[in-house]
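Trainee: Please take one part of this protein and go through it closely. I would like the pairing first, then the setting around it.

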Amino acid sequence: MKYKKVERVITVEFIELPRGAGYDVRVTPEEIVVRYGDSVVWDVQGLPKGRAPKIAFGNFEPIALAPSVTFGKRGFSAAKPKRISREDIPVKPTSKGFFAKLELGQASPGYYKYDIKSDGRTLVDPDMEIRGPK
């Protein structure tokens, strides 16, 4: 049976600290596991309307990719990994809140690190695991 892609929602919650000292950032779930072909949606919460659109997600860097091979005229050879776009994905306002969306496509399975940014500066850099089809 062919894998049916799903939309995986990641909540990025900004919790204001007392006396205007900034924000704590919580990413839920803490261990993000998706499958290639899925859509990843970040739900940004807790920021004022003027600050939320300044958040972006990007700079997806592989930490450890699963080994992969292809078979051709010369036998087996190492497959070239299919990477996730390194372009920043901006947060967009909707009637339900602030969201950013990434279509994974056929990204290579493995572990990745990505940045949550504000005005181009990295705030936090959580990990994500991409698994192959079931």
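Mentor: Start with one pair of residues. K92 stands opposite F99 in β10. Strand β10 covers residues 97-103, and its pairing with β9 is antiparallel, over 3 bridges. Two strands pair here if DSSP finds at least two bridges between them. Strands themselves are DSSP runs of E, at least two residues long, while helices are runs of H or I of at least four residues; both are numbered from the N terminus. Strands of a sheet pair through backbone hydrogen bonds, either parallel or antiparallel.

Now the sheet. β9 and β10 belong to an open sheet of 5 strands, in the order β2-β1-β4-β10-β9, with mixed pairing. Its edge strands are β2 (23-28) and β9 (92-94), each pairing on one side only. On average, neighbouring strands of this sheet are turned by 30° against each other, direction ignored. The axes behind that angle are lines fitted to C-alpha atoms.

Then the whole protein. It has 13 strands and 0 helices. Of its 134 residues, 34% are buried, meaning under 20% relative accessible area with a 1.4 Å probe, protein chains only. Take contacts (heavy atoms within 4.5 Å) between residues at least 6 apart in sequence: 66% join residues at least 24 apart. The C-alpha atoms fill a box of roughly 65 × 30 × 20 Å along the principal axes.

Keep the basis in mind: this is a predicted model, where local features need pLDDT of at least 70, side-chain atom pairs need 80 or more, and totals for chains, interfaces and linings use all residues. Residues are numbered from 1 along each chain as its sequence is written, and side-chain values use heavy atoms, without hydrogens and water.

Definitions and conventions: Buried < 20%, exposed > 50% of the residue type's maximum accessible area, 1.4 Å probe, protein only. Axes fitted to C-alpha atoms, helices over the stretch in contact; angles between N-to-C directions.
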